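Please find below a short note in numbered points, to be read alongside the sequence and the model.

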Amino acid sequence: MGIQIYNTLTGRKEPFTPLEPGRVRMYNCGPTVYDYFHVGNLRTFLFFDVVRGWLEYRGYRVRYVQNFTDIDDKLIRRAAERGISVKELADEQIRAYFEDADALGIVRADAHPRVSEKIDEIIALIRQLIDRGYAYAAGGDVFFDVGRFAGYGKLSGQRTEQLLAGARVEASEQKRNPLDFALWKAQKPGEPAWDSPWGPGRPGWHIECSAMAMDELGTTIDIHSGGSDLIFPHHENEIAQSEAASGQPFARYWMHVALVQVGGQRMGKSMGNFWRVRDLRARYHPEAIRLFILSAHYRNPLEFSLESLDQAERARQRLYNLLDHLQHLRQVARPGAAGDGGEAWPRRLEQARAEFEAAMDDDFNTADALAALFTLARDAHKTLTAESPREWVDATYDLFLRLGAPLRLFRPYRQEQGAAPEGDAQPLLDLLIEVRQYARSVRDFELADRIRDRLAELGYRLEDTPAGTRVRRVAPAPAPAAGGGEARR
């Protein structure tokens, strides 16, 4: 049946068919970089990276663009408060964004355009709108004439009269209509500005995304994405100005992530109920945060609590424990071993793969996809032992890494995939483990600790379990301080 996407524009799920077979053009409204981003922002950025990952899993070539808004009223105010330039603030916060996003496994977009780098394109688009009669200049500002665009309101599903009654509109004596919105803002004292045909000023918020998306991806793109709070006015205005300028559809599929809530209220800086991503990173494993975000369908609100993150951490540990167990079995299971049940386990793996793929194909249902992974993990713990065929163990391990990849899960294991010692290293490692076990048996813990620590420095982590000592290949560790004693525990 292929991938189905809920399209905000039509209000229903639709089969995904990109404009160009095999290629996807995808744009995500990125952060306004005046402060560290919080969990509410994270849900959007993380989820659409997963959408990109799943499209790639299904064989599409994806060009993914996520912008940075680096000139805005909030940046101007914050920079003034701190006594630095807007550019200095933006540069600092973009670096901070990448630090947090990289740590959480969010793959960088193919392009991260900044508003300040696209001023020429923005001015050209505004001139085109004026030439076509959809915009007008007034006192150094330029406004989009909403009344001229017949399709205004089609994304939010409201008539102009309804929008006028409920909208937060920009006040200006220069406007012809209260719903008209600024494409260009005349410079105010102390503000950064660029030269334009209408005088010095800067872009309005909405025009920037249209200009960047069309410049990077073309007149019509496949997927435009963002948080549900952007449906109106931001995305509604993007459609109006983009389609008025080009005469072509702007985006074929519109996808929106529901809000993160705290106690039933939207998480946000203005509400004072937000958690910054970097603060959570100091308390939780990155993949626990990721599991929490992906635990609910993206179109459903996500209730934030530290208790939920604690649960996500325990869930992550269950999955990591399984992968550690599988790594151990890969060292001890024998190729071609008989195993019980014939083809039962290979069929179970195929069933899990099919369930996972069906969930992700159905509007990127990460909650059901994760449920398929956890059910498979439970069954694998019950089924696979040292007596299982090595082929079963390998297939299970590989399937977890394969399905985890588009969700950006299991990064340590994917980075070290196939890293079990090979060739001449394995007999020597086995001998050292045997010596360490003997040292432990005669209570020579100093020698046992020394062997463990030296192997860690070389990139081999030893884990003592009831089933024996497991070996994991990891990044080489610095030498620990003297006097450890871990082998006693």
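Across which strands does helix H7 lie?

1. Helix H7 (residues 231–246) lies across E9 and E10, and runs at about 160 degrees to E9. Helices (H or I, at least four residues) and strands (E, at least two) are DSSP runs numbered from the N terminus, and angles run from 0 to 180 degrees between N-to-C directions of axes fitted to C-alpha atoms, for helices over the stretch in contact, with contact meaning heavy atoms within 4.5 Å.

2. This is a predicted model, in which local features need pLDDT of at least 70 and side-chain atom pairs count only at pLDDT 80 or more, while totals for chains, interfaces and linings use all residues. Residues are numbered from 1 along each chain as its sequence is written, and side-chain values use heavy atoms, with hydrogens and water left out.

3. Four strands form an open sheet in the order E4-E3-E9-E10, with parallel pairing (two strands pair if DSSP finds at least two bridges between them). Strands E4 (61–66) and E10 (251–257) stand at the edges, each with a single partner strand, so one side of each lacks a neighbour in the sheet. From one strand to the next, the twist averages 20 degrees.

4. Strand E9 (residues 221–227) runs parallel to E10 and is joined to E10 by six bridges; serine 225 stands opposite methionine 255 in E10.

5. Valine 435, whose place is in helix H15, has a relative accessible area of 36% and is therefore partly exposed (between buried, under 20%, and exposed, over 50%, with a 1.4 Å probe and protein chains only).
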